[in-house]
Amino acid sequence: MSLIKKIVEIVERSDMVDAKKQINKLNKEIRDHKEKVRSLMQANYTDFMPEIVSNEALLEEGCIMESEMINLKDSLNNESTNMLKSASKDVSKLTEELNENHLALITSLKLVKIDSLLHKIKPYNEIKNFKEVNNLLNDIQLLIGDPDDKIIRRLEVYKSLKVKLTVERETMMKNLIAQFGNIVFTRTKTFPKNQSVTFRISKNPKELVECIHTLLECDYDFQDFVNFCMNNVFQPIASRAVSLDIKESDKEVSMILMYSLEPVSDELRPNYEIVFLNLRSVLFHMLHMNVVIQDNCHFLSYLFNTCKSKMFDMIFDECLKFNIPKTYEVKNHSTIDVDIRKLCKNFTELKLFDSIDEKFIQDYCNNIEDLFFEQFTKNVQASANEILKRDLHDMIHISDDATLSTITPFTFPKSMISKSTLELIKLLEKILRQASICSIEDEQKKTNLLNSIKIVLDNYPFTIQLHHSKLLSKIPQQSALFYNNCMYLCNWIVLNDEFEDCNIDVVTNDLKRQGQEFFDCQVANQKIQLLEILKEFNPYQSLNNFQQEHFKPIRQALRQLDLLKNVWQTILPVDLYNKTIGSLLDVVALNIIKKVLALEDISTTLANGLVEMIKNFEEKGQMLFEADCNAHQVVPNWKKLINLEFILDASLIDIQAKWKNNQLSASFRAEEVKRLIRALFQNTERRANCLQTII
């Protein structure tokens, strides 16, 4: 009869003595097993000593105990369990200890399993079966990183196991990468004026498939390999005259490219037909590594998925745009669109790109007219660049009834813009007139003309920044003019019906965004300058010795705002000017409020000085705005500042009454009002009574 059955029978007969003996025996066996596991783990992962006990034996022993423990729990029915609990507190205590030892047994069993899995890694590493190594490491990770296991994380050996797992995974990745490098070998050799690129692929599909699949399972980033192909193979083929030597045998295929590192002139660029031929040759021989990784997804498609746009841009910008016909006569006899479609078909057949990419290239072929007009667009952009080099501060007033467009009359808020912006619009309106007279048969020409305008407008923010970046970031006048110029161009776009079908909303939104961002950046810089000035403002200095120079930073901040008023008031639209000055004035107001609230003691002299300073600030602050704008409309903390002035100059009764009427609670929290009262008034019974009412 097994030990478990004996225990159950003894419990049912309420044989206390034997029950204790049997439970103690099982507890002791578990503790002995736990100690063996501890010694094993300490020897292997802490002291790094030779093994004393076989982990297989411990694993078998632990599994037997685990099975006995489960059978014991299943065998004890409710009746015998209740009998056990009522029969003896000692037996009940031993049973609880048995449950605790069960948890220890589970942890010990898990540690032995981890040790067993770690010992299996070495043989697989020796035969380069990294797929199995990865599976073992994943199994170990599941055991170590079990979120429900709170015990193993507290063990001393836990950190050693984590380090061991990390080392084994790093070793596996190093071996995997080396294996991939042996199968797909790449090398560059640079000479003074030339460069040689070697690309060799071993014909070992089984080893390649296992290696790639394991790397993908490990989330390996192939970006270095992709960059090598893009920068050292495809880029030179598209842009330079290359010597391509391809050799193929039963074991491998080898490709060697040689090309010059000298700057490429337009005259020395290869014809697009040669470029297409070389691309086909390289990609065809890369098929030896284009294994299926999952479903219908191929390895090359997976690799180049993130750089499709770069690949297309490279082919177009480095090759095709230099082979576009220069005249309509040459264009009518050109086969470039047919050749592009053939290349697209080759890409699809070689599983480099999917059907979407093919459609993208075909769309490009169908719109080859765009590249034909590229030179025209360049000329327009060059003219625009010359206009936009002019000083931004050479400006002109825009009144409410001003009509400055020769095609579409429109008004703009009273403000100022750069004269160069009007010159740019005149240039664009010449092109717009040509587009408006195009016949139905010339619809493509009209589209290209409108697109040339779109390109100029799209490049406007960049061009301005290119020529005026230093002034834009430092001079408030420049950023305000740039903002107005962008908004003015947006209005001109919106009010021209010709742009309805050319998706110009993106350009309009970008103009608004960049104009707003530059102006917001300037406002942020002004706030930083104000805060730098206000660092010197310390009302505590005037606690016992009030001097006007202590409030000098406030006066300096007001002078700074007055300078901005002189710059911005005539340039910006009224609403924007008031809003902007209001946000800057709020920075000063909030700084005053915070520093006064921070005072623990405010003398009568200081309070009077603060009241006088705040009144002066309110008076001069209001003068910064247009006549029909009240400061409280655009300065969020204006009312709070006025209420602060009231508290500084009021009696306890007045403060208490105003708080009771909810005239202060909108600006201050109860604790803030109490803090001011404690700072202003001596500790009297009247003050205490007043503080009790402020809740």
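## Overall picture

The protein chain exposes about 36800 Å², and carbon and sulfur atoms supply 51% of it; accessible areas here come from the Shrake-Rupley method with a 1.4 Å probe, and for residues only the protein chains shown count as cover. This is a predicted model, so local features need pLDDT of at least 70 and side-chain atom pairs count only at pLDDT 80 or more, while totals for chains, interfaces and linings use all residues. Residues are numbered from 1 along each chain as its sequence is written, and side-chain values use heavy atoms, with hydrogens and water left out.

The protein chain has 29 helices and eight strands. Those elements are DSSP runs numbered from the N terminus: helices are H or I with at least four residues, strands are E with at least two. Of the 695 residues in the protein chain, 45% are buried. Buried means under 20% relative accessible area, exposed means over 50%, and partly exposed is in between (1.4 Å probe, protein chains only). Take the contacts between residues at least 6 apart in sequence, and 73% join residues at least 24 apart; a contact means heavy atoms within 4.5 Å.

## A hairpin and a greasy patch

Strands β1 (residues 184-190) and β2 (residues 194-202) run antiparallel and are joined by seven bridges. For strands to count as paired, DSSP has to find at least two bridges between them. A hairpin of three residues takes β1 into β2, and F185 has R200 in β2 as its bridge partner.

F191 sits in the loop between β1 and β2 and is partly exposed, at a relative accessible area of 34%. Together with I256 and M258, F191 makes a nonpolar surface patch of about 210 Å². Patches are built from residues with over 30% relative accessible area and no salt bridge, joining like charges within 9 Å and nonpolar side chains (Val, Leu, Ile, Met, Phe, Trp, Tyr) within 5 Å.

## Aromatic pairs

Rings of Phe, Tyr and Trp (its six-membered ring) pair if their centres lie within 6.5 Å; planes under 30 degrees apart are stacked, over 60 edge-to-face, and the rest tilted. The count by this rule is 13 aromatic pairs. One of them is the tilted pair of Y483 and F519, with 5.6 Å centre to centre and 35 degrees between the planes. Since Y483 lies in helix α20 (residues 476-494) and F519 in helix α21 (residues 505-534), the pair ties together parts that are 36 residues apart in sequence.

## Salt bridges

Searching the whole structure turns up eleven salt bridges, each a side-chain nitrogen of Lys or Arg within 4 Å of a carboxyl oxygen of Asp or Glu. E318 pairs with R269, the closest N and O atoms being 3.4 Å apart. That pair links distant parts of the chain, with E318 in helix α12 and R269 in the loop between β4 (252-260) and α10 (272-285), 49 residues apart. E318 is partly exposed at 23% relative accessibility, whereas R269 is buried at 18%.

R513 and D510 meet at 2.5 Å, N to O. They are three residues apart in helix α21, so about one helical turn separates them. R513 is partly exposed at 40% and D510 is buried at 15%. Another salt bridge joins E532 and K535, with the closest N and O atoms 3.3 Å apart.

## Helix α28 and its surroundings

In helix α28 (residues 670-680), the buried residues are E672, V673, K674, L676, I677, A679 and L680. They pack against α23 (574-597), α24 (604-622), α26 (638-649), α27 (652-660) and α29 (685-693).

N578 lies in helix α23 and is buried, with a relative accessible area of 6%. Leaving out residues up to four places away in sequence, N578 touches F625, E626, C629 and V634.

Most residues other than glycine have a negative phi. D219, in the loop between α8 (205-217) and α9 (223-239), has a positive phi near 60 degrees and is exposed at 69% relative accessibility. N662, in the loop between α27 and α28, also has a phi near 60 degrees and is exposed at 55%.
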